[in-house]
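Subject: Structure handover and notes

Dear colleague,

I am passing on the structure we spoke about, and I would be glad if you could read the notes with the model open beside them.

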Amino acid sequence: MNPTSPSPRPAPSVARAPGKTILTGEHFAVLGAPAIAMAINLYSQVEARPTVHKHVDVEADIPLYATTIANRNLALSDARSLLAPLRLAAQTTLKDLHRISNGVNVNVECEIPIGAGLGSSASINVAIISAVSRSFGARLNKKQICKLAFTPENVLHGRSSGVDQATCSYGGIIQFTRPFNVKPVRIREPPKILVCDTGIHHSTKNLVGAVLRRSRKQKTNFQQYVSQVKQISHSAVKALETEDNTMLGTLMYENHELLKKVGVSHPMLNKLVDTARKAGALGAKLTGAGGGGCILALYEDSRSRTKIVKALKKQGGHPYNVSMDHNGVQSVSLR
Ligand code: PMV
């Protein structure tokens with residue numbers, strides 16, 4: 001990959017990238033099915049300051065409280081271990097720019113809860129790659145940023161399909177198929193989605209690894225699941241394009257049942273999905289790796305939203321107010 005227009009003088013640069021939700025196809029995306037994902041208006045922002053030293057230093061202000069309070073199984077050291085892949089994101093970028101003898105200080109601020117299925121690591125990684133490359137005068141396009149993000153994302157997921165970094169880079173709603181096929185989904189109105197956190201946070205790597213092991217043991221079942229998810233994702237694109245929310249909702253419930261079958265749901269996720277359904281959601285499912293984290297619920301109007309939110313809170317869920325991000329990763333001007 002060759003950087004375009006390298007600048008002679010490294011200078012500080014800031015980039016920000018959205019988080020994401022997966023409308024259909026998580027886990028099966030790793031196995032080759034298409035996933036449909038939407039960028040959301042929770043962001044990470046990264047400042048990169050080139051230095052004269054060779055070091056890559058990363059400081060991160062991320063919502064660690066979410067992991068430490070909500071889940072006793074995920075220790076603070078696990079949350080801190082996020083810093084190693086982030087450093088790797090910066091190092092991979094320097095290597096790509098043939099700048100390995102340079103150093104950079106990277107400062108991360110992230111408002112996306114980690115381990116919640118909302119793409120916190122992908123968002124931070126694409127923002128790091130964008131900020132670091134710009135700080136050395138290179139303007140990587142979204143595809144180049146995504147490709148570099150595979151290196152840290154593969155460390156975090158074990159094997160990453162690429163859907164997370166693609167969504168955080170491109171923004172809007174995309175259809176993503178491995179190894180790297182990104183198609184923006186054209187919509188007039190974003191679907192009315194709410195996100196609700198179980199408060200139980202997970203390790204994406206463990207969950208992805210468990211599904212991959214199961215898929216090797218139960219080949220025939222998984223072939224069937226993958227072809228069902230292909231159908232679900234293709235129909236979801238049609239439903240989004242034609243604003244057929246009843247269809248989209250039905251597909252989300254179907255997708256949740258498949259995710260339950262492959263063992264990545266959690267009793268609290270199932271409880272929140274059922275609660276949303278009973279409160280009138282058109283569709284609901286877990287989003288992201290599962291094992292805790294968040295559900296998505298599709299609602300009809302603000303009245304039904306209020307009803308669903310109230311019911312979810314009563315069951316111990318923490319709803320987030322999110323909407324679609326249109327832009328993906330962007331540079332932010334320094335004041
Ligand atoms: O939970 P998250 O945000 O890390 O989502 C991971 C999505 C998976 O499909 C489970 C893995 C992948 O790389 O596609």
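What follows covers the ligand, then the salt bridges, then the aromatic pairs.

Please keep in mind that this is a predicted model, in which local features need pLDDT of at least 70 and side-chain atom pairs count only at pLDDT 80 or more, while totals for chains, interfaces and linings use all residues. Residues are numbered from 1 along each chain as its sequence is written, and side-chain values use heavy atoms, with hydrogens and water left out.

The ligand

The ligand is surrounded by 18 residues, of which K20, H27, S161, T204 and A289 are the closest; a residue is counted here if one of its heavy atoms lies within 4 Å of the ligand. On its own the ligand has 380 Å² of accessible area (Shrake-Rupley method, 1.4 Å probe; for residues, only the protein chains shown count as cover), and the protein covers 97% of it. The elements that give two or more residues to this shell are strand β1 (13–24) and helices α6 (163–170) and α7 (204–217), where helices (H or I, at least four residues) and strands (E, at least two) are DSSP runs numbered from the N terminus.

Salt bridges

The whole structure holds five salt bridges, meaning a side-chain nitrogen of Lys or Arg within 4 Å of a carboxyl oxygen of Asp or Glu. In one of them D164 meets K20, at 3.3 Å from N to O; because D164 lies in helix α6 and K20 in strand β1, the pair ties together parts that are 144 residues apart in sequence. Both D164 and K20 are buried, where buried means under 20% relative accessible area, exposed over 50% and partly exposed in between (1.4 Å probe, protein chains only).

Another salt bridge joins K285 and E26, with the closest N and O atoms 2.8 Å apart. K285 sits in strand β8 (residues 283–287) and E26 in the loop between β1 and β2 (35–51), 259 residues apart; K285 is buried at 0% relative accessible area, and E26 is buried at 2%.

What is the N to O distance between R188 and E243? Their side chains meet in a salt bridge at 3.2 Å, and here R188 is exposed at 69%, whereas E243 counts as partly exposed at 34%.

Aromatic pairs

There are three aromatic pairs, counted when ring centres of Phe, Tyr or Trp (its six-membered ring) lie within 6.5 Å, with planes under 30 degrees apart called stacked, over 60 edge-to-face and the rest tilted. F150 and F180 are edge-to-face, 6.5 Å centre to centre with 70° between the planes; F150 lies in helix α5 (residues 142–157) and F180 in the loop between β5 (173–177) and β6, so the pair ties together parts that are 30 residues apart in sequence. F176 and F180 are also edge-to-face, at 5.7 Å and 85°, and both are buried. Ring pairs link F150, F176 and F180 into a cluster.
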